[in-house]
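Look at the model below and follow its strands and loops step by step. Have the sequence at hand as you read.

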Amino acid sequence: MTGPVLAVFRRELAVERAGREALVTTVPFVAAFVVLAGLAFGPEPAQLGGTAAGTAWLAVLVATVPLARTVAGAEVADDTWDVLRGLVPAGALFAGKLLWTWSALAATWLLAEGLVVVLFEVQLTPQSIYGGVVGTLALAALTTGLGVLTASGPRRRGLLAALVLPAGLPAMLAGTELAAEQTAVLPWAVLTTLYAAVVVTAVWAVFPALLEE
Amino acid sequence: MGVLRLTGVTRAHAGRPVWAPLDLTLAAGTLTVVTGPNGSGKTTLLRLAAGLLRPTTGERTCAGTALYVRGGAGLRSAQTVRDAVASNAALAGRRDAAPAALGLLRLEPLAARRVGTLSAGEKVRAALAAAVACGPALLCLDEPTAALDEAALDGLVAVLEAVRSTGTALLVATHQPEPLLPVADAHLVLGTGRVRLR
C-alpha cells in the first residue's frame with residue numbers, strides 16, 4: 001500500500017519540480033496577502049499582533065482554491081487522470097494526493113506564519129504549530145476531495161471556492177484561536193483534531209465514489 | 001484464458017443501452033481494432049474494458065492491469081518524456097522498465113524534451129512508451145491515429161506490433177482502421193444497437 005502512495009506523492013513532486021505550478025501561484029499570493037493585510041490593519045503593533053494568526057490562516061484557506069487544481073484538474077487538463085486511475089487503487093490515490101496536498105498546505109502555512117512572525121512581530125508557539133499541522137491536514141483532505149469532485153467541467157470548477165472556503169472555516173477558526181494569545185488551548189486543540197479526523201475519514205470513505213463517473 | 005472477458009455486457013446512457021449485450025474475449029498479445037460511427041459506443045466500450053466504467057448489465061473480468069489512453073495523452077505536459085515515462089512506470093511499481101520502454105518506442109532522442117513540446121505523433125509514441133512501461137495486461141487506445149500523417153500512421157503500426165509482442169492485449173478504437181487491419185487479429189464493428197465481430 002505504501003509503495004503506490006509514495007509513487008503518487010513522488011510523481012506530484014516531480015511534476016511540481018518540472019512545472020512549479022503550486023510554487024508560482026501560492027508563494028507570491030501568500031506574500032502579497034500578508035504584506036497587504038499588514039498595511040491595511042495599520043502600523044500599531046498591538047493591532048497587528050491581534051490580527052496575525054487570522055491573517056496567516058486566511059491566506060492558507062484562500063490558497064486551497066488554486067492548489068485544488070493540482071489534485072485532479074491539472075490531471076484532467078493533461079488527460080492523465082484515467083491512466084492514474086487505472087494504475088493506482090482508489091485508497092492509495094487518495095492517500096498519495098492527500099500527502100502531496102498536505103505538504104503543500106503545510107509549507108504554505110509555514111510561509112504565512114513565518115511572514116506574520118517577522119512582519120507582525122508575534123511569536124510562534126507550540127499550540128500554533130499543532131494547529132498548523134492538524135488544521136492543514138483537514139484542509140488538505142477537503143481540498144483533495146473537492147478537487148476531484150470539481151475537476152470535470154467548468155461549472156463544477158466554478159463551485160470549488162464556494163465549497164472549500166466555507167467547509168474549511170472550522171480549521172481556520174480553530175487554527176487562529178490556537179495561535180492567539182490567552183486562549184484556552186485544550187478545547188480548540190480537541191476541536192481541530194476532531195474536525196481533521198472527521199474530514200479525513202469522510203473524504204476517504206467517499207473518494208472511490210468521487211472517482212466514478 | 002483471455003486477458004479480458006466481457007460477458008453479456010451493456011452500458012446505458014440516459015437509460016438506453018449503447019449496444020446490444022456484448023460478449024468479447026481478448027487473448028494476450030492480440031490486437032483488436034474497434035470501428036463504428038460517432039456515437040456508436042467505441043469510447044464507452046474501451047473505458048468499460050479498462051475498468052473505468054462499470055457495465056450496466058453483464059460481467060467484466062480482467063487478468064491484470066488495464067489502461068485506457070486517449071490519443072497521445074497520459075503524460076503530464078510539464079515533465080520531460082524520460083521523467084513522465086518513469087513516473088508512470090513507478091506508479092505500477094516498474095520504474096526499472098522505463099528505459100526499455102523508451103528504447104522499444106525509439107524515444108531516446110526525445111527523452112529530454114518536455115511532453116508539451118512534442119508533435120502529435122511523438123506524443124502517441126511517448127504515451128505508448130509510458131503505457132508499456134507499466135506492463136499492462138490490456139491496453140485500450142482511443143483514437144491513437146487521430147492527427148497523424150501517413151508516415152506517422154505507418155510508424156504507429158510498427159509500434160503497435162512491438163507493443164503486442166510484449167504480450168499486452170491491444171484494443172484500439174479508430175476512424176482510420178485501414179493501416180491497422182492487415183496486422184489486426186480481430187475487427188469489432190459497432191453499429192446502431194448491434195455488434196459485429198469479423
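In this predicted model, B:Leu6 has B:Arg60, a residue of strand 6 of chain B, as its bridge partner. Strand 1 of chain B, residues 4-10, pairs with strand 6 of chain B through five bridges, and the sense of this pairing is antiparallel. Strands of a sheet pair through backbone hydrogen bonds, either parallel or antiparallel.

The sheet in chain B is open and has three strands, in the order 4-1-6, with antiparallel pairing. Which strands stand at the edges? They are strand 4 (22-26) and strand 6 (57-62) of chain B; each has a single partner strand, so one side of each has no neighbour in the sheet. On average, neighbouring strands of this sheet are turned by 10 degrees against each other, direction ignored.

Now turn to the loops. Most residues other than glycine have a negative phi. A:Asp79 is not a glycine, yet its phi is positive, near 60 degrees. In chain A, A:Asp79 lies in the loop between helix 3 (45-77) and helix 4 (81-87). Is A:Asp79 buried, exposed or partly exposed? A:Asp79 has 18 other C-beta atoms within 10 Å. A residue counts as buried at 20 or more and as exposed at 12 or fewer, so A:Asp79 is partly exposed.

With 14 other C-beta atoms within 10 Å, B:Arg106 is partly exposed.

Note on methods
Residues numbered from 1 in each chain as written. Chains lettered and ligands numbered in written order. Predicted model: local features only at pLDDT ≥ 70, side-chain atom pairs only at ≥ 80, totals over all residues. Pairing = 2+ DSSP bridges. Helix = DSSP H or I, 4+ residues; strand = E, 2+ residues; numbered from the N terminus. Axes fitted to C-alpha atoms, helices over the stretch in contact; angles between N-to-C directions.
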